[in-house]
Amino acid sequence: MNRIKQMINTREAKKLWRNKLALVALAIIMLYLLAALFVMAGGISRVTCDTVIGPNKMPGFYRQDTPEKRYENSTKKFLTKVKRALAAEDVEGALSEVSLGPFTVVNKSPAELEMLVAEVDALAGELNESPNLDIDPSLLPKIADLEAAEAQLKAPLTAWQQFVYDVSILLGTDAQGRSIFLRGIYSIKIAIQIGLVTAIFAVSLGAFLGAAAGYFGGWVDHVVVWIYTTFSSIPNLVLLVVLAYAFTNSAAKDTLLPVYIAFGATFWIGTCRVIRGETLKLKEMEYVHAAQTAGFGPVHILLRYILPNTAHLMLINFSLLLIAAIKSEVILSYLGFGVKNQPSWGIMIRDAGNNGDVVGGFFWEIGFATALMFVLVLAFNILSDALQDAFDPKHV
Amino acid sequence: MSPPPTNSDNDPVLVRVENAVKHFPKRGGLFNRVIAKVHALNDVSFTIKKGQVLGVVGESGCGKSTLGKVVIRLHRPTSGKVIFDGTDISQMSNQQLRPIRQRMQMIFQDPNSSLNPRMTVETTIKEVIGLHDVVPESKMDETIDQLLKKVGLRIDDKMKYPHEFSGGQKQRIGIARALAVNPEFIIADEPVSALDVSIQAQVLNLMMDLKEELGLTMLFVSHDLKVIDHFCDSMLVMYLGNVVEEMPCEDIHAHAKHPYTRALLSCNPITDPDQRGELTVLEGEVPSPYDPPAGCPFVTRCAIKTKQCETENPPLLDRGNGHRVACWEVE
């Protein structure tokens with residue numbers, strides 16, 4: 001308890017508290033973390049993200065799909081599925097498998113359904129294959145009638161199902177008819193997961209190697225400096241691409257492991273450098289000399305006297321690395337070397353721009369992915385700036 | 001250089017330093033070769049008897065702090081011996097040194113950097129006591145309380161962090177930490193030079209009392225002759241890594257012989273106008289410790305130098321009563 005009080009009462013914590021912008025940033029980061037936790041707890045599964053919930057490239061709440069497009073993509077599709085099920089051998093079984101997004105077939109006997117289908121078919125017969133309202137505006141009521149008739153085929157949604165559906169189509173669908181909103185939120189988890197794992201690993205490794213190199217000097221220092229100068233002389237992205245390639249045929253290729261390894265191998269360097277420098281300074285402090293004259297061993301001195309006094313640098317580096325990892329993940333996934341078989345902002349951006357669709361007016365997928373990433377990175381940048389200021393003794 | 005004087009009385013010697021040399025290599029150039037050496041200590045010998053306080057005085061960069069650090073083995077001497085209670089510790093490993101570390105402790109110069117900012121006073125002291133198992137765990141709290149009382153701190157101060165204390169208080173904590181393991185020998189590296197004058201007196205008096213009470217032997221490093229005079233039984237005067245004079249601290253004004261010691265003494269402000277002598281201002285700079293003069297280290301600034309001084313380093317010769325001077329020109 002006393003320790004927590006001490007932590008809150010430090011000058012640094014007070015300075016951070018006074019910085020309102022940093023608090024807003026912190027709140028935003030908390031929201032992202034909550035979203036990531038929600039996904040991790042099973043709120044949105046990978047299957048949900050890959051489920052087709054509606055027509056392709058359906059706009060979100062801000063613009064209604066045109067009636068003829070709705071007819072084309074949604075009504076006709078469902079009708080075809082029901083017809084195919086009715087023609088199957090195991091009619092009952094086939095009917096229970098019919099679904100389009102949240103919609104399933106209403107619980108009626110096949111005979112009743114056939115009558116309903118015939119009714120809808122009759123209405124559809126009055127429309128040609130692909131009706132165009134610009135040419136023939138009188139078709140509009142016919143389409144409305146058809147939709148109303150077809151709605152009888154669908155089982156009514158419960159209030160919860162309706163809510164989930166509304167949320168899923170909040171920002172429309174992508175080129176394969178999957179929910180953009182859910183995919184974007186799921187990608188938060190991927191981003192945060194990669195960011196956290198990378199940052200924790202890189203900061204621990206960097207701090208450990210940096211402190212050891214700085215404190216022991218001699219050949220330990222030579223080895224560590226040699227390793228990091230060698231690693232930092234390789235262009236970052238090239239190494240990441242090579243590592244990603246190396247994993248293409250392994251069992252781990254669909255997991256995040258290649259990304260972790262690629263980032264873990266390069267991201268510790270900056271932290272290592274900073275901590276090594278700080279250790280070089282700290283080991284000449286008299287309290288370290290005091291610990292040496294008391295007879296403490298080097299491990300004890302490193303753990304109790306040196307590393308705790310570099311905690312502020314670790315914190316700042318952690319925050320910076322987290323952003324860097326998230327950004328790199330997006331770039332890598334965009335290039336096709338990063339996350340595979342699950343949503344990621346990079347993949348969403350790539351999917352959106354694939355066939356020049358963005359130019360054709362399909363902006364909401366790229367827009368949502370970019371906005372999510374932008375806000376998170378901005379919030380972290382503001383926070384690490386504020387942390388840096390809070391720990392800077394010269395900054396009031 | 002002559003061998004250190006044998007002690008005439010039967011006081012056993014606790015610390016004996018024999019011909020200690022410390023060079024710090026400077027590396028650079030291709031393949032990180034040693035391109036120069038700082039001659040921090042050059043053939044230094046002295047003894048400290050049990051219960052005695054030896055002062056070391058000299059200007060900045062003369063090697064007096066290095067001497068303290070070599071004696072406590074923060075630095076390993078390049079050559080020479082450091083004999084503590086009959087054991088040569090100069091080349092021991094840290095493992096071998098651990099039992100000896102409990103018997104010798106150090107008080108540091110800068111109270112602001114001598115305490116770990118992330119540890120409370122209690123933790124700082126507890127760690128050291130725990131390392132050497134000086135007292136059983138059950139008596140730990142009691143011991144810490146007694147220590148804090150002994151150095152003049154309040155007992156409820158022990159839960160505080162170093163930044164909550166003033167400089168003088170921090171120095172008291174440093175003293176408490178040094179005393180926590182019941183050492184026999186203490187090296188005080190300019191323990192009061194970073195403090196206000198009024199606080200200096202308090203801390204010095206505290207150290208005096210503790211020294212009397214615990215019968216400590218001390219090596220007291222300072223650049224302040226008055227502090228040395230007040231505190232020590234005898235003193236070494238150092239210049240550029242060499243001991244130029246060693247003398248008992250009795251009426252040093254009357255006895256000091258080496259021209260450098262005399263110059264140091266004349267810089268000391270004296271309150272009684274009748275006692276004021278002539279102020280000797282030394283000309284020139286201290287030579288670089290990378291490249292000390294061939295003869296007497298003081299030759300570049302000495303007022304009474306001769307030809308001999310420029311080529312031969314004068315030995316530290318005994319002039320009676322434990323007074324040794326390294327100068328060709330004084331008798």
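**View 1. Strands β1 and β2 of chain B, side by side.** In this predicted model, β1(B), residues 13-28, lies alongside β2(B) in the antiparallel sense, and twelve bridges link the two. To find your place, look for B:A20: its bridge partner in β2(B) is B:V44. Pairing like this works through backbone hydrogen bonds, and it can be parallel or antiparallel.

**View 2. The other partner of β1(B).** Here β1(B) meets β4(B), residues 79-84, again in the antiparallel sense, with five bridges between them. Pick out B:E18 and you'll see B:K81 of β4(B) standing opposite.

**View 3. The hairpin of β4(B) and β5(B).** These two strands run antiparallel and are joined by two bridges. B:I83 has B:D88 in β5(B) as its bridge partner. Two residues sit between the strands of this hairpin, and B:D85 takes a positive phi near 50 degrees.

**View 4. A parallel pair, β6(B) and β7(B).** Now for β6(B) and β7(B), residues 185-189, which pair in the parallel sense over four bridges. B:M106 stands opposite B:I187 of β7(B). Along β6(B), residues 104-107, B:M104 and B:M106 point one way while B:Q105 and B:I107 point the other, and all are buried. Side chains in a regular strand alternate between the two faces of the sheet.

Methods: Residues numbered from 1 in each chain as written. Chains lettered and ligands numbered in written order. Predicted model: local features only at pLDDT ≥ 70, side-chain atom pairs only at ≥ 80, totals over all residues. Buried ≥ 20, exposed ≤ 12 C-beta atoms within 10 Å, placed from the backbone. Pairing = 2+ DSSP bridges.
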